[in-house]
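Open the model in your viewer and keep the selection panel at hand. Each stop below says what to pick and what is there.

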Amino acid sequence: MVQRNHRTPLKSGPSRAALTITHPNAAGIDIGSASHFVAVPPDRDDEPVREFPSFTVDLHALADWLKACRVDTVAMESTGVYWIPVFELLESRGFTVLLVNARHVKNVSGRKSDVLDCQWRQQLMTYGLLRGAFRPADAVCALRSLWRQRGMLLKSQGRQVQPMQKALTQMNVQ
């Protein structure tokens, strides 16, 4: 077998542009069921990564800390429903909150802890490399929640009628 040296000539032209900071006041949050890890830019606090439990009083402390660190944009990732209270609280406090797709930030090797995850999310958001998922207006979210609850009640209604019909049949009362 003959080996060939293929050399690809370097093309001259404009060099790659460096990444520019688009959100200098960005924070990253790794959402969990019991606690949330939050990262802010390193120059904003002596402890730029903090862990906050998921209780309401702690979520308010999280929002207060982000305000104190002069954060205005927050990127968070969650695969469950634990993000909803954090999202709604931060949005009501005036933050721009983006729920990012977990698949867009997951495929990077070396990040194995919640601390590294939130720092990575904060860095990606700083350079504008994350996009938020679609979130409808509050009225649509409330309507969708009611519609889903109604559907679940209708399904369970059918399951509740069947044992009653069986009992009536066994008693020979129809």
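The tour goes from the whole chain to the sheet, then to the helices and the ring contacts.

**Ground rules**

This is a predicted model, in which local features need pLDDT of at least 70, side-chain atom pairs count only at pLDDT 80 or more, and totals for chains, interfaces and linings use all residues. Residues are numbered from 1 along each chain as its sequence is written, and side-chain values use heavy atoms, with hydrogens and water left out.

**Stop 1: the whole chain**

Show the cartoon. Five helices and five strands make up the secondary structure. Helices (H or I, at least four residues) and strands (E, at least two) are DSSP runs, numbered from the N terminus. Along the sequence the pattern reads β-β-β-α-β-α-β-α-α-α.

Of the 174 residues, 30% count as buried. Buried means under 20% relative accessible area, exposed over 50%, partly exposed in between (1.4 Å probe, protein chains only).

Contacts come next; a contact means heavy atoms within 4.5 Å. Among those between residues at least 6 apart in sequence, 58% join residues at least 24 apart.

**Stop 2**

Two strands pair if DSSP finds at least two bridges between them.

Now take strand 2 (residues 35–39). It runs antiparallel to strand 3, joined by five bridges. Serine 35 has proline 53 as its bridge partner in strand 3, and histidine 36 has phenylalanine 52. On the other pairing, three bridges join strand 1 to strand 2, again antiparallel. Glycine 28 stands opposite alanine 39 there. A hairpin through four residues joins strand 1 to strand 2.

Which way do the residues of strand 2 point? Ser35, Phe37 and Ala39 go one way, His36 and Val38 the other, and all are buried.

**Stop 2: aspartate 30**

Zoom in on aspartate 30, in strand 1 (residues 26–30). Aspartate 30 counts as buried because its relative accessibility is 9%. Leaving out residues up to four places away in sequence, aspartate 30 touches Ser35, His36, Phe37, Asp114, Asp117, Cys118 and Arg121.

**Stop 3: helices on the sheet**

Move to helix 2. Its buried residues are Trp83, Val86, Phe87, Leu89 and Leu90. They pack against strand 1, strand 2, helix 1, strand 4 and strand 5. Just after helix 2, glycine 94 takes a positive phi of about 100°.

**Stop 4: rings**

How many aromatic pairs does a search of the whole structure find? It finds two. Rings of Phe, Tyr and Trp (its six-membered ring) pair if their centres lie within 6.5 Å; planes under 30 degrees apart count as stacked, over 60 as edge-to-face and the rest as tilted.

Select phenylalanine 52 and tryptophan 65. The ring centres are 5.8 Å apart and the planes stand at 45°, so this pair is tilted. It links distant parts of the chain: phenylalanine 52 in strand 3 (residues 49–53) and tryptophan 65 in helix 1 (residues 56–68), 13 residues apart. Phenylalanine 52 is buried at 8% relative accessibility, and tryptophan 65 is buried at 6%.

Next, select tryptophan 83 and phenylalanine 87. This pair is edge-to-face, with 5.5 Å centre to centre and 85° between the planes. Both residues lie in helix 2 (residues 83–92), four residues apart, about one turn of the helix.

**Stop 5: charges over rings**

Select lysine 67 and phenylalanine 95. The charged end of lysine 67 sits over the ring of phenylalanine 95, 4.7 Å from its centre. The criterion is NZ of Lys or CZ of Arg within 6 Å of the ring centre and within 35 degrees of the ring normal. Finish at arginine 150, which lies over the face of tryptophan 147, 5.3 Å from the ring centre.
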